[in-house]
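Hi,

Here is the structure I promised to pass on. Have a look at it first, and then read on for my notes.

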Amino acid sequence: MSFILLFTVTLCVYFLVALSPVMTNTMTEDLDVLVFLPQNNSYLFSYERVAPAIRYAQKRLKADGGQYSGFNFNIQFENSDCLYDAFFTLADRSCGQKPDLILGPVCEYEAAAVVRLASHWNIPVISAGALATGFANKNKEYSHLTRIAPPYVKMAETFTAMFEHFSWRSALLVFEDDREQRNCYFTLEGVYHLMSNYNIESYVLTDDKPLDTDELLRSISDMEVVIMCMGAEKIREIMLAAHKRQMTTGKCIFFNVELFNASSYGNGSWKRGDEYDNDARQAYAALNTVTLLRTVKPEFENFSIEMKMPFEKVGLHDCNDCENVNMFVEGFHDALLLYTIALHEAMKNGYSKKNGTEITSRMWNRTFEGIAGQVSIDANGDRNGDFSLMTMINVEAGTYEVVANYFGVNGTFQLLPAFNTEHFTLKGGDKDHPEKTDKSDTPCKCGLGVSALTGVIVGAVLGAVILVAFYFFRKNYRITIERRTHGEECDSGKHRQLREDSIRSNFSAA
């Protein structure tokens with residue numbers, strides 16, 4: 001009997017030991033997630049695009065059978081119109097059960113209202129948007145916001161690294177302001193704020209102020225670098241005009257910002273099948289594109305295939321760039337994963353799912369493996385960005401290649417084998433002396449012509465006359481001074497002291 005009892009106790013001990021990892025790590029919790037996405041498919045972050053990525057992440061977390069499989073996500077999607085819909089929906093929940101997590105909104109103005117209210121209610125918010133500089137202030141109203149996509153100021157770090165590397169000093173920011181999403185406005189706002197020590201000017205295109213290439217090129221002529229953010233058609237028009245005026249030969253360095261891994265903004269495409277294709281190809285040889293670093297992770301390829309399937313099923317025809325997984329699709333997938341990691345860690349330490357402050361703090365200053373590779377969130381709750389620099393390597397074929405990468409985690413600028421320093425070297429010294437810059441459309445011609453020779457002769461004659469006049473003036477002035485010296489010696493001490501006091505006073509004021 002004692003043997004049987006001993007055997008039973010031993011078996012129970014082994015059973016408990018075997019189950020202890022599961023009992024310790026696997027937690028069960030029902031979680032309400034409120035997701036704000038627009039139904040309008042003209043947005044790159046529409047419901048049809050992003051919802052499959054969130055469900056994909058949910059399925060993976062559940063199927064792993066590991067420490068996160070006990071979390072049951074009740075995901076509710078609500079329409080976001082980039083104006084007021086999301087805020088009103090959240091406000092309506094004030095009398096009922098509040099969500100445990102909010103994903104989105106993306107648009108800046110709508111996100112601002114939602115994040116303020118969520119922060120007041122102690123609800124974590126993760127968005128692949130809200131990328132404007134103003135959201136970086138997490139002290140009060142945006143205290144619960146985590147940005148799972150790199151903010152615009154992170155992209156600006158890429159330009160700072162290049163300006164330091166090549167010793168550039170001035171830039172013209174050319175962008176299109178649509179007055180709605182204002183993606184390009186907020187993008188180059190980050191550049192403007194981060195690079196305040198440089199000579200930065202801006203040229204804005206609006207509905208009230210359409211593109212005037214002549215006016216724009218006059219503004220460009222005094223600048224070393226041009227950074228553009230706008231639709232691909234306008235960029236092509238600008239590059240063609242600059243090429244026609246021979247401004248693509250190294251007098252300026254042209255950059256194009258490609259946003260969100262999508263062709264909606266600055267995809268660097270020169271080919272249109274029209275009569276200007278040949279000129280555009282040559283012009284774009286001077287255009288460099290800054291874009292998000294592309295992943296080569298095999299898992300991401302499988303993810304991309306899965307994301308295309310919903311569009312084929314529903315027969316979506318008004319979806320641009322659906323063949324590519326843009327930054328928002330990737331970001332919202334990783335958002336659910338990041339929250340799950342932080343929640344699990346918080347609950348292991350005895351915190352409730354309703355402690356949004358604690359959960360948010362555990363999402364910050366963290367690195368984890370996302371669907372496309374490593375994701376690093378800084379101490380301020382913003383994702384560090386990795387960006388690539390692309391240039392046209394083969395002008396005859398008109399093909400681009402990545403020549404450098406910028407890694408935001410450690411702020412390093414990596415030059416790849418295809419990098420050509422000559423391509424980023426300013427030609428000519430005109431930019432060193434802006435007052436001498438020729439702002440006409442006709443390029444400078446080297447060599448001395450008849451007019452130049454005449455100018456040299458006239459200048460020599462005038463110089464000789466001035467020297468003779470100065471000689472007689474100096475001689476007469478010296479005689480006059482010598483006559484006055486004796487009478488003024490007694491007052492010289494007082495004047496000297498007064499002069500020194502005046503200089504000292506002026507420097508103190510400065």
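Lys 154 sits in helix H5, which covers residues 152-166. Please keep in mind that this is a predicted model. Is Lys 154 buried or exposed? Its relative accessibility is 9%, and because the cut-off for buried is under 20%, Lys 154 counts as buried.

Which residues does Lys 154 touch, once those up to four places away in sequence are set aside? They are Asp 378, Asp 382, Arg 383, Asn 384, Gly 385, Phe 387 and Tyr 406. One of these, Arg 383, is 229 residues from Lys 154 along the chain, yet the C-alpha atoms of the two are separated by 8.3 Å.

Arg 383 turns up again in the surroundings of another charged residue. Glu 330 belongs to helix H11 (residues 327-348), and with a relative accessibility of 12% Glu 330 also counts as buried. Leaving out neighbours within four places in sequence, Glu 330 is in contact with Arg 383, as well as with Phe 300, Val 325, Ile 371 and Ala 372.

Now to the cysteines. How many disulfides are there? The count comes to two.

One of them joins Cys 82 to Cys 107, with an S to S distance of 1.7 Å. Cys 82 is in the loop between strand S2 (71-79) and helix H3 (85-92), while Cys 107 is in the loop between strand S3 (101-103) and helix H4 (108-120), so the pair ties together parts that are 25 residues apart in sequence. Both Cys 82 and Cys 107 are buried.

The other disulfide is between Cys 184 and Cys 229, where the S to S distance is 2.2 Å. This pair links distant parts of the chain, 45 residues apart: Cys 184 lies in helix H6 (residues 183-194) and Cys 229 in strand S8 (residues 225-229). Why is this disulfide called left-handed? The torsion about the S-S bond of Cys 184 and Cys 229 is about -75 degrees, and therefore the disulfide is left-handed. Cys 184 and Cys 229 are both buried as well.

One more cysteine for your notes: Cys 252 has a relative accessibility of 3%, so Cys 252 counts as buried.

Best wishes

Note on methods
Residues numbered from 1 in each chain as written. Predicted model: local features only at pLDDT ≥ 70, side-chain atom pairs only at ≥ 80, totals over all residues. Heavy atoms only, no water. Helix = DSSP H or I, 4+ residues; strand = E, 2+ residues; numbered from the N terminus. Buried < 20%, exposed > 50% of the residue type's maximum accessible area, 1.4 Å probe, protein only. Contact = heavy atoms within 4.5 Å. Disulfide = S-S within 2.5 Å.
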